Amino acid sequence: MFRTIKVALPFDQSLAETAVAFNEACQIVLNYGSRHRVYDKSVLNKATYRQARKEVPGLPSALVQTARDEASEMLLRTGFAKVTKKRLSIRYDGRCFKFYPESGYASLTTVLGRINLPFKHYAYMDRWRGECTNAQLVIRGGRVILNVQVKLPDSPFKATGKILGIDRGIRNVAACSDNSFFNSRHLRAVKGRYQFLKRRLQHVGTRSAHHKLGRVSGRERRFVLNTNHCISRSVVNKPFDVFALEKLGIVKKKANGKWLNRRLGSWSYGELQRFIMYKAEAQGKAVVFVNARYTSQRCCRCGFVHRQNRRGLAFHCGNCGFSLDADLNAARNIEVLGKSEYLRLFVNEPIVAPGEASPTGVVDGSCKPPDSLGGS
Ligand SMILES: [Zn+2]
């Protein structure tokens with residue numbers, strides 16, 4: 001698995017010059033690629049390498065090549081559109097940078113030769129010790145950030161099939177099928193406060209208000225980031241090893257009304273999902289995705305699907321009379337769907353966790369008898 005170590009480096013003029021030269025080399029390849037509609041790296045290399053070396057004489061050969069790689073990927077991404085690389089960034093590969101977290105410095109190739117730049121060492125860097133295959137340097141507003149990709153050994157996959165269904169929503173950022181909730185009341189209050197403050201600052205419109213707005217937005221952003229880290233951490237640390245989430249896209253907006261949507265409609269569910277995924281990966285756990293359709297309308301006890309089943313915050317089955325918190329009911333449905341998805345993806349033989357075998361011993365209609373299960 002890969003992790004990215006992000007370090008701040010002191011600003012150095014040679015880095016800025018290198019970034020400008022890198023963009024020029026990149027642009028030569030981009031122009032050629034969009035004109036001839038090619039993104040193949042070896043074709044681009046043959047066609048543009050000499051030109052790039054001639055027109056950007058200071059840029060070392062290794063960086064001309066990473067510029068070509070980056071251009072190739074941009075061409076593929078944009079479908080050969082005429083694009084201009086504006087962002088000041090440099091891509092480094094193993095030949096043109098070295099990263100020494102224990103000594104706290106990075107060695108980078110620039111137009112003025114190799115330079116060593118110090119950075120602050122943090123404890124997590126000792127845990128993320130591995131091969132540093134590539135890095136990206138970004139210069140923005142006088143700040144230099146180096147993102148180093150580290151290859152770490154994979155955690156052994158230990159999924160035994162204990163599945164947790166997680167329903168994401170507005171009232172509960174996450175509701176889990178083990179009856180735990182991550183309530184959004186506090187988040188809504190804080191978000192609401194920031195929104196009020198931001199609206200007022202926008203209204204003032206002076207220069208200092210504008211600066212303050214930037215600071216407030218930063219603070220709000222970090223609040224969201226931190227909360228997502230905390231939620232994903234406690235979800236992944238639960239004694240389950242497969243996490244089922246509904247596919248993102250449709251966050252159930254209608255049922256919650258305008259007021260709630262405004263307060264939390266822009267919560268970063270995608271970020272929460274990414275955090276759950278990478279934290280699960282680090283522990284050798286798995287994440288599966290299920291189709292979100294009908295998860296809030298289906299009764300998790302009898303399977304009866306009807307729109308009227310859900311009434312606001314409560315779920316009430318029109319068939320068997322079962323009542324439950326609506327989000328919890330959805331989470332349990334996601335767990336059931338997640339189980340079949342997990343079986344489809346990871347195992348050929350269905351596994352039923354001990355104690356979960358239903359009286360008939362059958363979950364999928366194709367299950368082995370309960371006595372042969374569990375220990376795997
Ligand atoms: Zn029912």
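Reader: Hey, which residue stands opposite V7 in β7?

Author: That's L146. Keep in mind that this is a predicted model.

Reader: Okay. How many bridges join β1 to β7, and which way do they run?

Author: There are 8 bridges between β1 and β7, the strand of residues 143-151, and the two run antiparallel.

Reader: What sheet are they part of, and in what order do the strands come?

Author: It's an open sheet of 4 strands, ordered β1-β7-β6-β2, with antiparallel pairing. At the edges sit β1 (2-9) and β2 (89-93), each pairing on one side only. On average, neighbouring strands of this sheet are turned by 20 degrees against each other, ignoring direction.

Reader: Switching to helices: at what angle do α1 and α2 pack?

Author: About 140 degrees, with the axes 9 Å apart. Helix α1 covers residues 13-36 and helix α2 covers 41-55. Their crossing is right-handed.

Reader: Which residues make the contact?

Author: From α1 you have E24, A25, I28, V29, Y32 and G33, and from α2 there are L44, A47, T48, Q51, A52 and E55. By type, 7 of the contact residues are nonpolar, 3 polar and 2 charged.

Reader: Why the every-other-residue pattern?

Author: Because side chains in a regular strand alternate between the two faces of the sheet.

Definitions and conventions. Residues numbered from 1 in each chain as written. Predicted model: local features only at pLDDT ≥ 70, side-chain atom pairs only at ≥ 80, totals over all residues. Axes fitted to C-alpha atoms, helices over the stretch in contact; angles between N-to-C directions. Left-handed = near helix turned anticlockwise from the far one by under 90°. Contact = placed C-beta atoms within 7 Å. Nonpolar A, V, L, I, M, F, W, Y, C, P; charged D, E, K, R; others polar. Pairing = 2+ DSSP bridges.
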